[in-house]
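Trainee: I would like to work through this model with you, one question at a time. May we begin?

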Amino acid sequence: MLIEETLKRIQSQKGVQGIIIVNSEGIPIKTTLDNSSTVQYAGLIHQLVMKARSTVRDIDPQNDLTFLRVRSKKNEIMIAPDKDYFLIVIQNPSD
Amino acid sequence: VLALVSARSCPKPIKGEKKKRWPVPLLGELCDSSGVWISTVGRMEIVHVYTKLRSEFGRQCLLSDRPAELLVDVPPDPSLALQFIQKTPRDQALQACRDMSEHQVNTERFESDSCGINHVEGGWPKDVNPQEVEQTIRFRKKVEKDESYINSILQLGSVMEHCIRQNNAVDIYQVYFEEEEEVEEAPDAPSAKTINVFRDPNEVKRTVTGLSWHPDGGRKLAAAYSCLEFQKTSKDMSLDSYIWDIENPNRPEMTLKPASSLICLDYNPKDPHTLVGGCYNGQIAYWDTRRGSQPVEVSSVEQSHRDPVYKIIWLQSKTGTDTFSASTDGQVLWWDVRRLSEPTERLVLDLSREGNLDRALGAISLEFESTMPTKFMVGTEQGVVVSCNRKAKTPAEKIVCTYDSHHGPVYALQRNPFFPKNFLTVGDWTARIWSEDIKESSIMWTRYQMSYLTDACWSPVRPSVFFTVKMDGVLDVWDILFKQNEPTLSLKVCDEALYSLRVQDNGRLVACGSQQGGATLLEISSGLSTLQKNEKSLLAAMFERETKREKILEARQRELRLKERSRSEQSREEDVGREDGEDSPDQLISRAQKDFYSVVETELRRRRDREDQENRVRTH
């Protein structure tokens, strides 16, 4: 289906290590990683996105978070938030 | 003057009726309710009574017109105006805004504690058991079929792809010029800033005459307070000296209570808990900071110095308990702190090497370098630096040589920690650097400063940097590789004179003590406290060069003197008639006169010739 195609396209990009789709309650809906990592990412990133979003909205209530990128030494975690779901992609860009 | 115009005559009061009195209104106010007027003038009450016959109550009021009657006229009293001063113009502040008030509230303290929650599995709805795989799969499948899910994921997917491609296109955190990271930092301008000032907590301020850094890391500074001015000590002057923690300038960390005020003190480099101090009355006192403020032991009065102990330094020894002290009574005494009842050794600074105290030079500063444990140097009040050898066989041989250094007392004396053959002395208005081999004069010296120099020391990290303090409250930092004729950095630390100076072992912190009891702690910029490239070799070359120059000068002087002597001897042989080898003053004067006139004559002749020549040229 359309979603499968999208996810497959993303997965085939250079350096992408994993994709997770999480719903607004922190439940991972779809993932390409193993269960324990998925659960860990889902729980931690959910909290981070909530905090980031509330920060942006506290500063300007008309503003909203559109994208969040966490760059670390080993990889980059990109999070696209939506009203009900987030899409998390872990990429290693220098490879 | 109040004129009461109308005073109604009242009819005879009927029996049983009372006179009515109304409350007193303001002066001139008329109270009118039923025709009763009351006015008061001062204390006098004028009562107006209105009476009405009983039988007339209820009768119809018959009103009639009548012209206005002046009843009370109170003209202004100019004499009262004299009690007031007219004030023009008057300022009246107005503000057209809302009234605000300010309150302060102190909330009740509440203790907060932070703790984290490990969120293991997302917020599964109540009917789904997260452990059950089937239920979770079913839930997930249900969500996947939801239309909003599909739409949002598609949209998010395109956004995400854009960012992924961005990452792959350019690495925004690429480090450029990674190989060239060894960029030479431009040396920052020399500067120093005051970190803390430790003030004498007593009422009567005493001078900080001695400072010593804690040997272990230098977190503490011991300062000796005393009053060195002749007969200026007052009875209520405190005798205490303090140990300060450099982080806390408000209160000293520990007090040292000697029997007489301390002039100098020194931390034991081997044992950071012990200190030794020299007192104003000549005694030596030994403290252990673990054992309180009183000295653990004090040397006996008979065996100590007869004058204030100006300098005391710990020695390097196996037991780590040896120290030696110097005083203006002309003696240098060695002590073992375990037994302060008498000194272990005594040296009298008599230059004629006879041990005669009357002719001894008073010692003001001492120098000891642990790399050369048998040699030490003493700076005297007479401006002579005496170099001594401790391990000499006889007391006469203890004094090795002297250097005639300053016009006044040598207040500071220190060998360069990197070049022990060269030492720095400070006294009168100059600072001089000497080489051990050259006894005639110093190899380098500063020009005469505007005020007296009181203390100096080398930087322990940079061989070419030394610090001096002056009586006008200025701290000078000299970098002889950079600039030699003036200090690289000159800082006015305080308005009163600075008397002591100590650099901490890391070379960055400098403490200086002032006359009013304030010990200032300064931090020197990194440029002056980090070893530069080639500094040691450059400085070694400089010292060598200067030493050689002095040697050449010395040799030349000697030659000249020899020539003079031989010439005077020759002339004595030739001229038998002469009484002494030198000309008498009269003969010198006549010779000078002759020389002068001959010079004048030749000059005049030359000028005349020139003029003649010019005239000849012009007439042609």
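Trainee: Does Asn534(B) count as buried or exposed?

Mentor: This is a predicted model, and the answer rests on computed accessibility. Asn534(B) lies in the loop between α5 and α6 (535-574) of chain B. Residues over 50% relative accessible area are classed as exposed. Because its relative accessibility is 53%, Asn534(B) counts as exposed.

Trainee: What is the phi of Asn534(B)?

Mentor: Most residues other than glycine have a negative phi. Asn534(B) is not a glycine, yet its phi is positive, at about 60°.

Trainee: Asp428(B) also has a positive phi although it is not a glycine. Is Asp428(B) buried or exposed?

Mentor: The phi of Asp428(B) is about 35°, and the residue sits in the loop between β23 (422-427) and β24 (430-435) of chain B. Buried means under 20% relative accessible area. Since Asp428(B) has 1% relative accessibility, it counts as buried.

Trainee: What relative accessibility does Ser525(B) have?

Mentor: Ser525(B) is placed in the loop between β32 (518-524) and α5 (526-529) of chain B. Not counting residues up to four places away in sequence, Ser525(B) touches Asp188(B), Ala189(B), Pro190(B), Ser191(B) and Arg508(B). Ser525(B) counts as buried because its relative accessibility is 8%.

Trainee: Turning to chain A, what pattern does its secondary structure follow along the sequence?

Mentor: The secondary structure of chain A comes to two helices and five strands. Read along the sequence, these elements give the pattern α-β-β-α-β-β-β.

Trainee: Which residues is Arg53(A) in contact with, leaving aside its neighbours within four places in sequence?

Mentor: Arg53(A) belongs to helix α2 (residues 35-59) of chain A. It counts as buried because its relative accessibility is 16%. Beyond those sequence neighbours, Arg53(A) is in contact with Asp64(A), Leu65(A), Pro81(A) and Asp82(A).

Trainee: Which element gives the largest share of the largest nonpolar core?

Mentor: The largest nonpolar core has 24 residues, and those with the most contacts inside it are Leu87(A), Val89(A), Tyr149(B) and Met160(B). Elements giving two or more residues to this core include β5 (85-91) of chain A and α3 (147-169) of chain B. The largest share, six residues, comes from α3(B).

Trainee: Which residues of chain B does Leu87(A) contact?

Mentor: Leaving aside neighbours within four places in sequence, the contacts of Leu87(A) within chain A include Leu7(A), Ile20(A) and Ile79(A). From chain B, the contacts are Leu156(B), Gly157(B) and Met160(B).

Trainee: Which three residues supply 20% of the area that chain B buries against chain A?

Mentor: The contact takes 33 residues from chain B and 34 residues from chain A. The buried area is about 3000 Å², of which carbon and sulfur atoms give 61%. The three residues, supplying more of the chain B area than any other three, are Leu156(B), Met160(B) and Asn167(B).

Trainee: Which residues form a salt bridge between the two chains?

Mentor: The count between chain B and chain A is one salt bridge. Its closest N and O atoms are 2.9 Å apart, and the partners are Arg9(A) and Glu161(B).

Definitions and conventions
Residues are numbered from 1 along each chain as its sequence is written. Chains are lettered from A and ligands numbered from 1 in the order in which they are written. This is a predicted model: local features need pLDDT of at least 70, side-chain atom pairs count only at pLDDT 80 or more; totals for chains, interfaces and linings use all residues. Side-chain values use heavy atoms; hydrogens and water are left out. A nonpolar core is a set of buried Ala, Val, Leu, Ile, Met, Phe, Trp, Tyr and Cys residues joined through side-chain atoms within 4.5 Å. Buried means under 20% relative accessible area, exposed over 50%, partly exposed in between (1.4 Å probe, protein chains only). Helices (H or I, at least four residues) and strands (E, at least two) are DSSP runs, numbered from the N terminus. Contact means heavy atoms within 4.5 Å. Buried area is the accessible area (1.4 Å probe) that two parts lose on being put together, summed over both. A salt bridge is a side-chain nitrogen of Lys or Arg within 4 Å of a carboxyl oxygen of Asp or Glu.
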